[in-house]
Amino acid sequence: MLTTTSAPDHDLVAGLVQPLYVLAEDGTRHPDPTLDPLLRDVDEELLTGLFLDMAVIRALDDEAVALQRQGELGLWPPLRGQEAAQIGLARALPSTDFFFTSYRENGLAWCRGVSPGEMLSVWRGTTLSGWDPFAHHMATPQVIIGAQAHHAVGYAMATKAQGKDDIAVACFGDGALSQGDLNEAMVFAASFRAPVLFFCQNNQYAISEPVALQATVPIALRPTGFGIPSLRVDGNDVLAMRAVSLFAARHIRSGKGPMFIEAVTYRLGPHTTSDDPTRYRDEEELESWRRRCPIARLERHLEQLGTDVEQLRAEAKRRSLEATTALREAVTTLPEPAPESLFENVLSTEHPGLVRQREQFRAFRNSLAPEQADGQQTEGSSA
Amino acid sequence: MTTTPNPAVTTAQATTQTTTMTMAAALNAALRDALEADPDVLLIGEDIGTLGGVFRITDGLKDRFGADRVIDSPLAESGIIGTSVGMAYRGMRPVCEIQFDGFVYPAFDQIVAQVARLHYRTGGTVQMPLTIRIPFGGGIGAVEHHSESPEAYFAHTPGLRVVTVADPQDAYSTMRAAIECSDPVMVFEPKRRYWSKGEVDTTVTADLSSARVLRTGTDATLVAYGPLVVTALEAAVAAEDDGISLEVIDLRSLSPLDRQTVAASVRRTGRLVVTHEAPGNVSLSSEVIASAVEDCFDHLEAAPERVTGFDTPYPPAAVEDHYLPGIDRILDAVDRTLGRRNSREAA
Ligand SMILES: Cc1ncc(C[n+]2csc(CCOP(=O)(O)OP(=O)(O)O)c2C)c(N)n1
Ligand SMILES: [Mg+2]
């Protein structure tokens with residue numbers, strides 16, 4: 001089914017023995033018969049664009065961590081280390097393909113034009129959903145592990161039924177592989193040949209649990225059991241990520257049904273800012289993945305091509321500063337929701353029971369001393 | 001709750017072991033002692049082994065009892081519960097951790113369609129001594145799905161025991177009782193009280209079905225459970241300043257419900273206020289108030305009141321303090337039952 005020549009190990013999966021890659025660790029270009037045809041348009045401008053995207057995303061991510069540490073955000077799920085996986089995908093697909101993601105895909109959101117304020121509001125706790133999914137062709141972060149995979153499949157089935165050729169993408173982690181929802185989604189996708197891409201960022205951990213607990217063989221084998229062809233790729237190689245994403249999107253758009261990508265990568269930061277990763281992984285492992293930094297790899301490649309990387313770095317710094325300044329500004333100017341807003345949008349029309357509760361709530365707040373009503377009521381001491 | 005020392009234990013050891021600890025530490029001690037006491041007890045859940053749980057409730061237990069008895073499970077709640085059903089068939093007593101309240105729903109089918117029914121379905125032949133631990137409730141500034149109060153779904157389901165804990169001693173004793181119980185027991189742990197401290201005597205036993213009167217009073221009965229027990233007690237102290245005497249009941253068991261304790265109190269006070277974080281619609285307060293009306297209508301001197309989460313999804317953290325029942329909203333409801341000035345008077 002899958003017409004890739006680099007699938008020696010299984011006719012439905014490529015990259016099983018060695019994840020697909022086109023940039024070696026040292027930045028040299030490695031030929032790959034499957035991916036090379038998809039990389040013919042690659043020039044310096046495209047490469048520096050990918051570099052800048054990754055650099056800016058990393059800066060934004062670091063800034064969000066800092067904002068959380070300073071108490072401006074309740075929580076933040078860092079994506080450090082996964083920049084190539086996200087940028088490679090985002091820059092391969094037209095902006096009308098629809099993403100259904102988990103919480104860690106802020107790189108995708110950035111590429112889709114989500115503003116800093118929209119990106120942060122959920123993590124600051126001022127809203128449950130930071131942006132208009134239809135404006136960005138991207139659903140807002142899904143917290144329930146695996147749930148979004150079904151949504152992507154349904155969306156894809158609907159575009160197909162409507163005779164359109166845009167596709168849906170389900171983004172999830174290695175941990176999600178264990179959820180019933182994800183496995184059910186693959187059944188639906190396969191049975192209905194849904195135009196959907198399953199995009200797994202295998203960052204080696206689900207909080208503290210190593211990937212081996214979710215899959216005792218490479219994740220890329222799982223979809224093959226459902227009849228879904230899959231590509232296992234070096235997730236820290238942004239060019240390969242872009243190429244496999246183009247490959248999969250073309251396959252899916254041509255009506256051949258779903259495809260699965262396993263991006264083999266690593267979460268360099270904590271699971272979230274609440275996590276203490278020293279409890280479950282050692283410095284040696286971390287260091288080995290730090291050396292595989294996706295940004296440094298592309299930089300080495302550009303250096304070999306003769307790009308002025310000093311100048312590129314300076315440009316990255318300039319753009320990062322611009323982005324992080326905007327992020328910082330956005331966080332402090334995010335509107336605080338009005339207390340009564342919590343009654344809004346439960347149903348599409350108001351119902352008397354809830355109207356009554358809101359009126360009682362208003363009366364209660366009006367009865368309080370002003371300083372209590374502004375902030376909150378007296379609370380238990382140990383909250 | 002029986003707060004008398006277990007006679008068997010006290011005579012054997014002749015000493016009590018009272019220590020001040022957090023609720024988290026008390027739960028950890030209860031799990032440790034249960035694993036120690038019975039080789040059939042095992043723990044299973046996400047991140048409970050190497051990490052010790054996201055709240056560290058199982059901290060150190062994997063090192064002590066091994067990965068076969070403190071099992072880091074794949075990321076699948078239905079799998080955690082369904083697998084535990086199989087283990088229970090084979091005589092084990094699994095203690096399952098659901099990482100957060102909002103993640104219990106993938107396991108809903110296993111809990112309500114299997115765990116809750118096997119004993120009934122098999123005419124009592126198959127026992128399901130599972131303990132399902134769930135940190136629940138809000139007030140911690142979390143993102144969506146981390147502040148839910150889903151207890152009513154389970155209390156509504158026949159075949160489950162649903163209990164809550166409110167302080168370290170209660171947490172220790174109730175957890176031990178839950179693990180020893182041959183029925184499936186869901187234990188809802190108030191996560192925002194995990195770090196509150198109290199004295200714990202590990203020889204004290206508890207039952208799984210009775211409410212407890214934590215403070216006696218004469219003017220109104222205030223019923224709470226889980227995280228709001230502390231709030232209710234604080235409200236009672238505040239009410240005292242206004243010359244109002246509140247009787248505070250910690251419901252503890254949400255199913256079965258200890259109607260007798262509530263009714264006995266309402267017969268004394270004539271007034272009833274029920275509070276919880278969950279939305280009020282078809283909730284524990286619905287049930288407690290209906291029971292009181294059935295059991296002691298003639299003693300009620302005012303319509304019962306409830307102070308609950310609103311009938312909305314749990315809101316963003318920035319406004320959760322408005323959603324959660326606090327002392328002032330509780331006292332406002334107390335005032336209504338007493339015919340005192342209150343927020344709705346003008347309306
Ligand atoms: C249904 C459900 N169960 C548990 C959780 C708690 N939880 C949040 S993230 C996470 C790990 C997810 O790991 P993975 O899918 O690999 O994604 P990653 O965080 O590594 O990006 C867990 C267990 C959840 N959010 N939803
Ligand atoms: Mg992961």
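Q: How far apart are the centres of domain 1 and domain 2 of chain B?
A: In this predicted model, 27 Å separate the two centres, taken over C-alpha atoms.

Q: Where are the domain bounds in chain B?
A: Domain 1 covers 22–200 and domain 2 covers 212–341.

Q: And how many residues from each go into the contact?
A: Domain 1 of chain B gives 26 residues and domain 2 of chain B gives 23 residues.

Q: Now the largest nonpolar core. Which residues touch the most other members?
A: B:Ile81, B:Ile111, B:Ile132, B:Phe154, B:Leu251 and B:Leu272. The core has 83 residues.

Q: Which element gives the largest share of this core?
A: Helix α2 of chain B, residues 23–37, with nine residues.

Q: Take B:Leu272. What does it touch, leaving out residues up to four places away in sequence?
A: B:Thr221, B:Val223, B:Val262, B:Val266, B:Val288, B:Ile289, B:Ala292, B:Pro304, B:Glu305 and B:Thr337.

Q: What other core lies apart from the 83-residue one?
A: One of 73 residues. Among them are A:Val169, A:Ile252, A:Ile261 and B:Val143.

Q: Let's follow A:Ile261. Where does it lie?
A: In strand β8 of chain A, residues 259–264.

Q: Buried or exposed?
A: A:Ile261 is buried, at 0% relative accessibility.

Q: What does A:Ile261 touch, again not counting residues up to four places away in sequence?
A: A:Leu197, A:Phe198, A:Phe199 and A:Cys200 are among the contacts of A:Ile261.

Q: How far is the C-alpha atom of A:Ile261 from that of A:Leu89?
A: They are separated by 10 Å, with the residues 172 apart along the chain.

Q: A:Leu89 is in α2 of chain A. Which other residues of α2(A) are buried?
A: A:Glu83, A:Ala84, A:Ala85, A:Gln86, A:Ile87, A:Gly88 and A:Ala90. Eight of the eight residues in this helix (83–90) are buried, so α2(A) is largely enclosed by the rest of the structure.

Q: Switching to the metal. What are the protein donors of the magnesium ion, ligand 2?
A: A:Asp174 through OD, A:Asn203 through OD1 and A:Tyr205 through O. They lie 2.1 Å from the ion.

Q: What spacing do the donors follow along the chain?
A: D-x28-N-x1-Y.

Q: Which parts of chain A does the pair A:Asp174 and A:Asn203 tie together?
A: A:Asp174 lies in the loop between β3 (168–173) and α7 (180–191), and A:Asn203 in the loop between β4 (196–202) and β5 (205–206), so the pair ties together parts 29 residues apart in sequence.

Q: Are those two buried or exposed?
A: A:Asp174 and A:Asn203 are both buried.

Q: What about A:Gln204? Where does it lie?
A: In the loop between β4 and β5 of chain A. A:Gln204 is buried, with a relative accessible area of 17%.

Q: What is the phi of B:Arg56?
A: About 65°, positive although B:Arg56 is not a glycine. B:Arg56 is in the loop between β2 (41–45) and α3 (61–65) of chain B. At 22% relative accessibility, B:Arg56 counts as partly exposed.

Q: Cis or trans for the peptide bond from B:Ser255 to B:Pro256?
A: Cis, with omega near -5°. B:Pro256 is in the loop between β12 (253–255) and α10 (259–269) of chain B.

Q: Last topic, helix packing. How do the axes of α1 and α12 of chain A cross?
A: The axes of α1(A), residues 44–69, and α12(A), residues 309–333, come within 8 Å and cross at roughly 40°. The crossing is right-handed.

Q: Which residues meet there?
A: From α1(A), they include A:Thr48, A:Phe51, A:Leu52, A:Ala55 and A:Val56. From α12(A), they include A:Leu312, A:Glu315, A:Ala316, A:Arg319 and A:Ser320.

Technical notes: Residues numbered from 1 in each chain as written. Chains lettered and ligands numbered in written order. Predicted model: local features only at pLDDT ≥ 70, side-chain atom pairs only at ≥ 80, totals over all residues. Heavy atoms only, no water. Core = buried A, V, L, I, M, F, W, Y, C linked by side-chain atoms within 4.5 Å. Buried < 20%, exposed > 50% of the residue type's maximum accessible area, 1.4 Å probe, protein only. Helix = DSSP H or I, 4+ residues; strand = E, 2+ residues; numbered from the N terminus. Contact = heavy atoms within 4.5 Å. Donors = N, O, S within 2.8 Å, 3.2 Å for Na, K, Ca; no water. Axes fitted to C-alpha atoms, helices over the stretch in contact; angles between N-to-C directions. Left-handed = near helix turned anticlockwise from the far one by under 90°. Domains from an automatic or database assignment.
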